[in-house]
Amino acid sequence: MRARKLFTMLIVGALLTGNTACTSRDDSRIVVTTNILGNVVNEIVGDDAEVSVLMKPNADPHSFAISAREAHTMQTADLVVYNGLGLEEGVLRHVEAAKAEGVHTVEVGARIDSMEYQAGDAAGLPDPHFWTDPARVVTAVRLLADEIIEHVDGVDARTVRERADAYATKVGELDADLARRFAAIPPERRVLVTNHHVFGYLADRYDFKVIGAIIPSGTTLASPSSSDLASLVTAIRAHQVPAIFVDTSQPARLAEVLVSEAGIRVKVIALYSESLSDADGGAPTYLEMMRFNTEAIIGGLSG
């Protein structure tokens with residue numbers, strides 16, 4: 001199967017360059033589906049291998065698509081890293097195609113003690129949004145270091161381990177800082193309403209209560225019913241929720257219309273919950289994303 005992959009690379013390389021001479025890869029290649037995991041992998045790998053991240057900044061992981069060239073890149077990689085648990089709905093078939101070509105793949109979400117959705121139409125299904133819990137990201141860092149060392153040719157195992165340990169320490173420090181900051185919010189105000197169910201892991205880690213979501217689903221591709229929205233408004237009033245948190249990759253209009261038509265006084269606050277920003281945005285790395293969201297959540301619930 002490995003020989004088949006290399007043969008495919010030679011043929012496609014010749015077609016792309018317009019000649020029939022043999023071509024070969026100069027670098028080991030890792031393909032990562034989401035930009036959050038892409039940042040984590042880059043922290044671990046450094047310059048030891050080429051890392052291609054498919055999901056663009058500020059994109060929606062549930063709906064982003066890839067080009068034919070990017071699909072081919074997946075099928076000729078040393079390692080494909082994906083979140084899994086159903087998150088990358090538009091890309092999972094390409095992951096399966098890469099597997100069929102003999103590429104080793106790692107579904108990170110399936111190997112970090114995943115939780116299940118507790119409410120909405122996805123109740124009982126695995127929740128893929130594990131990165132909102134830094135402790136699980138530490139587990140993912142260790143896992144990815146092992147996978148990279150085993151399956152990516154040419155990397156220096158000791159260097160990869162050192163980078164992974166250093167980054168895991170930073171994520172652990174982040175976890176401790178978030179726990180301290182969130183603990184300052186009174187328990188009765190530690191409630192969350194989001195545009196869809198994305199913060200189950202964060203709620204479990206830092207003792208929040210998820211009151212509901214505008215889209216009562218684990219995916220942004222679903223739609224709320226009028227009864228769903230009515231139930232949410234009732235919950236918001238009952239718990240005196242001060243803010244609704246929406247994702248920067250999704251329009252805030254649905255939340256704004258809900259607030260306006262229901263006549264409730266609730267702030268609508270944008271978070272980087274599912275995607276990093278570009279370099280000039282508020283969340284260009286995973287660590288910065290979590291800190292940005294922490295400040296926004298604290299500000300939204302304390303005001």
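Modeller: Helices here are DSSP runs (H or I, at least four residues), numbered from the N terminus like the strands (E, at least two), and their axes are lines fitted to C-alpha atoms over the stretch in contact, with angles from 0 to 180 degrees between N-to-C directions. This is a predicted model, in which local features need pLDDT of at least 70 and side-chain atom pairs count only at pLDDT 80 or more, while totals for chains, interfaces and linings use all residues. Residues are numbered from 1 along each chain as its sequence is written, and side-chain values use heavy atoms, without hydrogens and water.

Biologist: At what angle do helix α2 and helix α5 pack?

Modeller: Helix α2 covers residues 35–45 and helix α5 covers residues 134–151, and their axes lie 10 Å apart. The angle between α2 and α5 is about 60°.

Biologist: Which residues of α5 does α2 meet?

Modeller: Contact means heavy atoms within 4.5 Å, and on the α2 side Leu37, Val40, Val41, Ile44 and Val45 take part. By class, this contact of α2 with α5 has nine nonpolar, no polar and no charged residues (Ala, Val, Leu, Ile, Met, Phe, Trp, Tyr, Cys and Pro count as nonpolar, Asp, Glu, Lys and Arg as charged, and the others, Gly among them, as polar). Their partners in α5 are Val141, Leu144, Ala145 and Ile148.

Biologist: Which element gives the most residues to the lining of the largest cavity?

Modeller: A cavity is a set of points on a 1 Å grid over the protein atoms alone where a 1.4 Å probe fits but cannot get out, and its lining residues have an atom within 4 Å of a point. The largest cavity, of about 50 Å³, is lined by Ile36, Leu37, Val40, Phe130, Trp131, Val137, Ala140 and Tyr286. The elements that give two or more residues to this lining are α2 and α5. With three residues, the most is given by α2.

Biologist: How are α6 and α10 oriented, roughly parallel or oblique to each other?

Modeller: Helix α6 (residues 157–183) and helix α10 (residues 286–302) have axes 11 Å apart and an angle of about 0°. Their contact is made by residues including Tyr167, Lys170 and Arg181 of α6 and Tyr286, Arg291 and Glu295 of α10, and it divides into 10 nonpolar, one polar and four charged residues. From the angle, α6 and α10 are therefore roughly parallel.

Technical notes
On a 1 Å grid over the protein atoms alone, a cavity is a set of points where a 1.4 Å probe fits but cannot get out, and a pocket is an open set with protein on both sides within 12 Å along at least five of seven lines; lining residues have an atom within 4 Å of a point. Grid points are joined across faces, edges and corners, and a volume is the space filled by probe spheres set on the points. Angles under 35 degrees count as roughly parallel, over 145 as roughly antiparallel, 65 to 115 as roughly perpendicular and the rest as oblique.
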